[in-house]
Amino acid sequence: MVYNIAELKKDEKKIPDYNNEEIKYEELKQPEQLERTYIRTYNNYLNTINQFNFECESDFWAAIGIVYSWMPTILKIKKTPKIDNILNILKKVKNGKQINLKEIEELKNVINNSLTGTSKLLHFVNPKNYAIWDSRIAKRLNYKNINDIHDYLKYLDTLKTIASNESEFEKIKQKVIKKIGYEVSDLRVLEICIFNSYKYIN
């Protein structure tokens, strides 16, 4: 499918008011508890990982530990990591440099061979340049292989193209920010809209 500003407008309307402090978590169904947990913890995780300079191995594992609290499985080291390479890649990401497919693959090989886990790490290190990617997003956008880096890069290009439509996108972004209660990057706005909309098409 072609995902564009028109689709985004539809998806934004499906986002609940996460900024409602009168909501009681114990009265929510499990899926909504999970969605609100993501919204509630996001800024705290982002601010913590932002303090890491990735000069030492402990920064990497601490960041991964945080990321994997947003994953359905525990972290399993699938391949002996070349820590110096990993730290150099993450420093590039933090400094706003674009990394290539091979570098994403190197991260993925260490992180459970999971592109979802890798995308979450990349996003928390640099939310302006990288978006979270998971099965709900892939299915919503009709991507077949959740672990395909080429599809992930196409997804990023799609989001950046939509966000470049400043006049239309900014209106949607402000509506989303009002619903979640804090500022987020353009790519996070788009990802929230797509992630929330998937449950309405099943």
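Me: Leaving aside neighbours within four places in sequence, what is Phe-54 in contact with?
Reply: In this predicted model, Phe-54 is in contact with Ile-49, Asp-59, Phe-60, Ala-63, Leu-87, Leu-90, Lys-91, Lys-94 and Val-125.

Me: Where does Phe-54 sit?
Reply: Phe-54 is in the loop between helix 2 (30–49) and helix 3 (57–67).

Me: Buried or exposed?
Reply: Phe-54 is buried. Its relative accessible area is 1%, and the cut-off for buried is under 20%.

Me: What separates the C-alpha atoms of Phe-54 and Leu-87?
Reply: 5.5 Å. Along the chain, the two residues are 33 residues apart.

Me: Switching to helices. At what angle do helix 9 and helix 10 pack?
Reply: About 75 degrees, with their axes 10 Å apart. Helix 9 covers residues 166–180 and helix 10 covers residues 186–197. Angles of 65 to 115 degrees count as roughly perpendicular, so helix 9 and helix 10 are roughly perpendicular to each other.

Me: Which residues meet there?
Reply: From helix 9, Phe-169, Lys-173, Val-176 and Ile-180. From helix 10, Asp-186, Val-189, Leu-190, Ile-192 and Cys-193. By class, this contact has seven nonpolar, two charged and no polar residues.

Me: New topic. How many cavities of 30 Å³ or more?
Reply: One. The largest cavity holds about 120 Å³ of space.

Me: Which residues lie nearest its centre?
Reply: Tyr-38, Trp-70, Arg-188, Glu-191 and Phe-195, out of 13 residues lining the largest cavity.

Me: Which helix gives the largest share of that lining?
Reply: Helix 10, with five residues. Helix 2 also supplies at least two.

Me: And the lining by class?
Reply: Seven nonpolar, one polar and five charged residues.

Note on methods:
Residues numbered from 1 in each chain as written. Predicted model: local features only at pLDDT ≥ 70, side-chain atom pairs only at ≥ 80, totals over all residues. Heavy atoms only, no water. Axes fitted to C-alpha atoms, helices over the stretch in contact; angles between N-to-C directions. Helix = DSSP H or I, 4+ residues; strand = E, 2+ residues; numbered from the N terminus. Parallel < 35°, antiparallel > 145°, perpendicular 65-115°, else oblique. Contact = heavy atoms within 4.5 Å. Nonpolar A, V, L, I, M, F, W, Y, C, P; charged D, E, K, R; others polar. Buried < 20%, exposed > 50% of the residue type's maximum accessible area, 1.4 Å probe, protein only. 1 Å grid on protein atoms, 1.4 Å probe; cavity = no way out; pocket = protein on both sides within 12 Å on 5 of 7 lines; lining within 4 Å. Points joined across faces, edges and corners; volume = space filled by probe spheres on them.
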